[in-house]
Amino acid sequence: IMGISRDKWHKRRKTGGRQTQLRGKRKFELGRPAANTKLGHKRIHSVRTMGGNKKLRALRLDTGNFAWASEGVAHKSRIIDVVYNATNNEMVRTKTLTKNTIVQIDAAPCRQWYEAHYALPLGRKKISEKKHTEEEKNTLPYLKKRSAKTQKKYDERKKTAFVDPAVEEQFIAGKLYACISSRPGKCGRSDGYILEGQELQFYVKKLKAKKGK
């Protein structure tokens, strides 16, 4: 019976010679089909593995926890699109999620946290305070009126508030570039981190080169 096998008997020696098969296939040498996790409504299957352990095969996923390293926080965010995969462009076309896939995520959860934590607008068009409606003044955290004691706390925070200009540009568009660092086919999750600094520059360059072709 043909199956996916992880044995060494079918491989040639380092010198190039064939190896004689000394025994048949064994259960511990088996391999399984790839999960090929797609972007879509969450669907996860569990697989019984060696030793009675369990792997979670994510067949479809649309959300994940993404860390914002420079701020030291993580938020659950919706995955909007798959934009780059170093392995194969076909994975971008079919929207397949694997470890190290570059995706676009919804920027709203990170923006909400930033505005509530620093009481500063992020990725919004500059509008004078007078032009905001009463409803906006009540809902937007950076427009709320605070006591002098509380305001002092926020003023201290503002001194350290800094967002990479390249990341701030993405907040205006409402989408952030992120990298998946978990293995969706093994743990059933698509968690990762938001791209910043040199890593962001590297992938933006790659995406521009891809569009230019």
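Me: Between which strand and which helix does the loop with Ser-182 lie?
Reply: The model is predicted. In it, a strand covers 175-180 and a helix covers 184-187. Ser-182 lies in the loop between these two elements, strand 7 and helix 6.

Me: Is Ser-182 buried or exposed?
Reply: The relative accessible area of Ser-182 is 13%. Buried means under 20%, so Ser-182 counts as buried.

Me: Why is the pair of Trp-113 and Tyr-118 edge-to-face?
Reply: The ring centres of Trp-113 and Tyr-118 are 6.1 Å apart, and a pair needs centres within 6.5 Å. Planes over 60 degrees apart count as edge-to-face. The planes of Trp-113 and Tyr-118 stand at 85°, so the pair is edge-to-face.

Me: Which residues form one aromatic cluster with Trp-113 and Tyr-118?
Reply: Trp-113 and Tyr-118 are both buried. The cluster that holds them also includes another Trp, another Tyr and a Phe.

Me: Over which ring does the charged end of Lys-8 sit?
Reply: A charge sits over a ring if, among other conditions, it is within 6 Å of the ring centre. The charged end of Lys-8 is 5.1 Å from the centre of its ring. That ring belongs to Trp-9.

Technical notes:
Residues are numbered from 1 along each chain as its sequence is written. This is a predicted model: local features need pLDDT of at least 70, side-chain atom pairs count only at pLDDT 80 or more; totals for chains, interfaces and linings use all residues. Side-chain values use heavy atoms; hydrogens and water are left out. Rings of Phe, Tyr and Trp (its six-membered ring) pair if their centres lie within 6.5 Å; planes under 30 degrees apart count as stacked, over 60 as edge-to-face and the rest as tilted. Buried means under 20% relative accessible area, exposed over 50%, partly exposed in between (1.4 Å probe, protein chains only). A charge sits over a ring if NZ of Lys or CZ of Arg is within 6 Å of the ring centre and within 35 degrees of the ring normal. Helices (H or I, at least four residues) and strands (E, at least two) are DSSP runs, numbered from the N terminus.
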